[in-house]
Protein chains: 2
Amino acid sequence: MAVGAIRPGGRTARVRAAVLKAAGDALVEHGFDRLDLADVARRAEVGKTTVYRRWGTAAGLVTDLLADMAEQSLPRADTGSLIGDLRANARLVQRTLVDSRQGALFRAVIVAATCDLRAADALHRFYAVRIAEWAPCVEQAVRRGELPPDTDAAEVIRAVSAPLYYRLLVSGDPIDEAMADRAAEAAAAAAHAGVFTQTSGPD
Amino acid sequence: MAVGAIRPGGRTARVRAAVLKAAGDALVEHGFDRLDLADVARRAEVGKTTVYRRWGTAAGLVTDLLADMAEQSLPRADTGSLIGDLRANARLVQRTLVDSRQGALFRAVIVAATCDLRAADALHRFYAVRIAEWAPCVEQAVRRGELPPDTDAAEVIRAVSAPLYYRLLVSGDPIDEAMADRAAEAAAAAAHAGVFTQTSGPD
DNA sequence: CCGCTAAGGGAACTGGGGTTTCGTTAGCGC
DNA sequence: GCGCTAACGAAACCCCAGTTCCCTTAGCGG
């Protein structure tokens, strides 16, 4: 049985909150690779034994942090048009990745996911939830007749985020609002052209 | 002056080749976070002092490995049509990322880039070269009249790769040939729609 | 082929990240 | 509010990644 599952109230919850906060701070300052659990314990004003007992490794700590982040997701937009909704989504992601704290945090959890299977699971579930949250934008557009009937909604949402994450992690090119808008427009154009229909693309 | 710059021949070159090979093997097996320089030295049958002296850190070693990988880049395709060239590019990237050795290696260098500024520089230059290699496909399509005159060629190429890397690093969704084709088609559709023109998108 | 010294290698050393031990605090059922 | 024990925490401990020391090998200019 996991530590903290039997008496989850009071001190246990306070310790968890303090440690996750401290872990976030440490990740933003040093990044995942230099995350020192003893340092996290010091910041949280908690015994380092506690951190090692409850979370074990840096990856375990990040996994729990991600579970915590997953609970506060922002609601999707509903502007009335596909391009409006996709732009809203792209700009939300853009602002998140550019924000110095949030951006560093996302880089850290993505790195953690490449190092640890549980962290990877948590990350994939995190994004599955986010994508599912925004998919109705596309489904509404289908119902309005803006898009082909069997358009894969999740695929369209993924297509909006992909260029932003590609720049963050791979190419290092700047991530500004104009490029977020282009990402939204590109996804919309491809969806209109029927590229994201579930059976097959147009011939 | 860097070690190995004064007598770059013979033993120095042999040691570098052996160490980079061993580093690649170790990265594929354990990933960047568990890269142990002493282990690399053992695999390369080289003194661990040598590895620490010449490369210093895991990030430094990966940076050099990336410089080595940059030298063998595959030539771009020339199928005669934009969609053909983009599909070839998407499938090349797809095969690379799915390949157990290459995929692990790319994940590792991307992780290294998030930890170390020099590694990040090396990675960004690596992708800038790859993108520049494939940009002429788009420029030819412009000349053929397939695309608007002021299409940003690099942006189109990036749009092809982005969904593949997004799945590799972020969402964890499968990366098969069909999805590579969709990525190519989506980029082509957006480019046709004028989303990637340098002045501004269509109104 | 000789000498200078760049580069490599074995071995001992060290510091701090992670573990173990055991005593203390406080959540929660009654 | 009482008692049981889950959970926390201080300190001693251990192990190994990374460093230092110093000797050996071999590239390369002459």
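Predicted model: local features only at pLDDT ≥ 70, side-chain atom pairs only at ≥ 80, totals over all residues.
Between chain B and chain A there are six residue pairs in polar contact, with both partners at pLDDT 80 or more.

**Where chain A and chain B meet**

- Four helices of chain B, namely H6 (100-115), H7 (117-143), H8 (153-171) and H9 (177-192), each supply at least two residues of the side that touches chain A.
- Among the elements of chain B, H8(B) gives the most to this side, with eleven residues.
- By residue class, the side of chain B that touches chain A divides into 19 nonpolar, five polar and nine charged residues.
- The contact takes 33 residues from chain A and 33 residues from chain B.
- Interface size is often given as the accessible area lost when the parts come together.
- For this pair, chain B and chain A bury about 2,900 Å² between them, and 67% of that area is on carbon and sulfur atoms.

**Salt bridges across the chains**

- Six salt bridges are counted between chain B and chain A.
- One of the salt bridges joins the side chains of B:Glu155 and A:Arg167, with an N to O distance of 2.7 Å.

**The protein surface near DNA strand C**

- There are 24 residues around DNA strand C, and those that come nearest are A:Arg7, A:Gly9, B:Gly47, B:Thr50 and B:Arg53.
- The residues of this surface divide into seven nonpolar, eight polar and nine charged.

- The side chain of A:Lys48 has an N or O atom 2.9 Å from a base nitrogen of DNA strand C.
- From chain B, the side chain of B:Arg11 places an N or O atom 3.5 Å from a base nitrogen of DNA strand C.
- The elements that give two or more residues to the surface near DNA strand C are helix H1 (10-30) and helix H3 (48-55) of chain A, together with helix H1 (10-30) and helix H3 (48-55) of chain B.
- H3(B) gives the most to the surface near DNA strand C, with four residues.

Notes. Residues numbered from 1 in each chain as written. Chains lettered and ligands numbered in written order. Heavy atoms only, no water. Near = heavy atom within 4 Å. Polar contact = N/O pair within 3.5 Å; in protein donor to acceptor, adjacent residues only side chain to side chain. Nonpolar A, V, L, I, M, F, W, Y, C, P; charged D, E, K, R; others polar. Contact = heavy atoms within 4.5 Å. Buried area = accessible area lost by both parts, 1.4 Å probe. Salt bridge = Lys/Arg side-chain N within 4 Å of Asp/Glu carboxyl O.
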